[in-house]
Amino acid sequence: MISLSLSDIFEARRNIAGTAGDTPLVPSPHLGALAGGEFLLKLETTQPVGAFKLRGAVNAVFKLEDATRGVTCCSTGNHGRGVAFAARARGIRAVICMSSLVPQTKIDGIKALGAEVRIVGRSQDEALAESLRLCADEGLTEISPFDDPHVIAGQGTIGLEILERRPDIATLLVPLSGGGLAGGVALAAKTIKPSVRVVGISMDRGAAMHASLAAGRPVEVEEVASLADSLGGGIGLDNKLSFRLCRDHLDDVILVTEEEIYRALQTHYFEDRLVCEGASAVGAAALIAGRLGDLAGPVATIITGRNVDMAVFSAIIGGADVTLGDYRITGAPYAA
Ligand SMILES: *Cc1c(COP(=O)(O)O)cnc(C)c1O
């Protein structure tokens, strides 16, 4: 059984230092007023690839034993960008496999880093199958977006940074998909401060980790288009580590609707002057929707990325309706 501990997360921090990490933690006065205390934003939007996934990708590429044939991964966009960045820095080949649900802006960002891109099928599972085929046929090494100990240790460095800067944090709100981020952050945070409450937050349509935790084992869910596109995809039926970490360390998993994410994106933009992805706004969405219950002290959430489709983002800022597959979000202009 693979295990991971706080010392792996400290080691990851040394491995990624200078390339990824040390992002700002800033207060949101507006959300703080709603929370009845401080509400802090960990700005992973300031990473060189615009998302926290760089941490895990850089650590995993650093830890490769044999890097000569190159690396491959499946991705909803940001992991691919992180792997492409890390591979370029180490001078090795990277092939990123993605489904057709991935926004064009993310595909362009990966190509600009010099990686090869394969668009296959309509789900993360199909993209993963292509990535595994490349490992078998061409000898590439797969780097899982969330179920790899080095990736999880890299993401966990966010938990270290938050609690070192602010040991008084009482609640951590973590966007949740495959659980590499939440698993790593919760492991770090709870080891340093067992009393901290760590809450995973996903969209209510297609939340694979939530369904899996409820079932007590990894289960499949149907993948649908969401404003939180970075939170789509399954957790893998043969999940080795991230499911266990989330099961053992998360206090709660909360789901938010597309309408709540829409509203939270407007709030971050108009109140915090922040451009971020739907996946990053789920913490604010849960707060605004009143889903968090009593908050016993300062709250921090992770603004995980800024690689949003600007056409969709502009529509939301303008209060227009947004269509996602066969689902329509009725828009409204922002009013505080
Ligand atoms: C990947 C990602 C997440 C979720 O991370 P997991 O480790 O898959 O749970 C959240 N936000 C953004 C922007 C991401 O790219």
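I take rings of Phe, Tyr and Trp (its six-membered ring) as a pair if their centres lie within 6.5 Å, and I call planes under 30 degrees apart stacked, those over 60 edge-to-face and the rest tilted. The model I searched is predicted, so local features need pLDDT of at least 70 and side-chain atom pairs pLDDT 80 or more, while totals for chains, interfaces and linings use all residues. Residues are numbered from 1 along each chain as its sequence is written, and side-chain values use heavy atoms, with hydrogens and water left out.

**Aromatic pairs**

I searched the whole structure and found three aromatic pairs. One of them joins Tyr-269 and Phe-270, with ring centres 5.0 Å apart and planes at 90°, so I noted it as edge-to-face. Phe-270 also pairs with Tyr-334, where the centres are 5.2 Å apart and the planes at 5°, so this pair is stacked. I then looked up accessibility (buried is under 20% relative accessible area, exposed over 50%, partly exposed in between, with a 1.4 Å probe and protein chains only). Tyr-269 is partly exposed at 29%, and Phe-270 is partly exposed at 30%.

**Ligand**

A ligand oxygen is 2.9 Å from a side-chain N or O atom of Asn-78, and a ligand oxygen lies 2.8 Å from a backbone N or O atom of Gly-179. For Thr-304, I recorded a polar side-chain atom 2.8 Å from a ligand nitrogen. The ligand taken alone exposes 380 Å², of which the protein buries 98%, with areas from the Shrake-Rupley method and a 1.4 Å probe.

Methods:
Polar contact = N/O pair within 3.5 Å; in protein donor to acceptor, adjacent residues only side chain to side chain.
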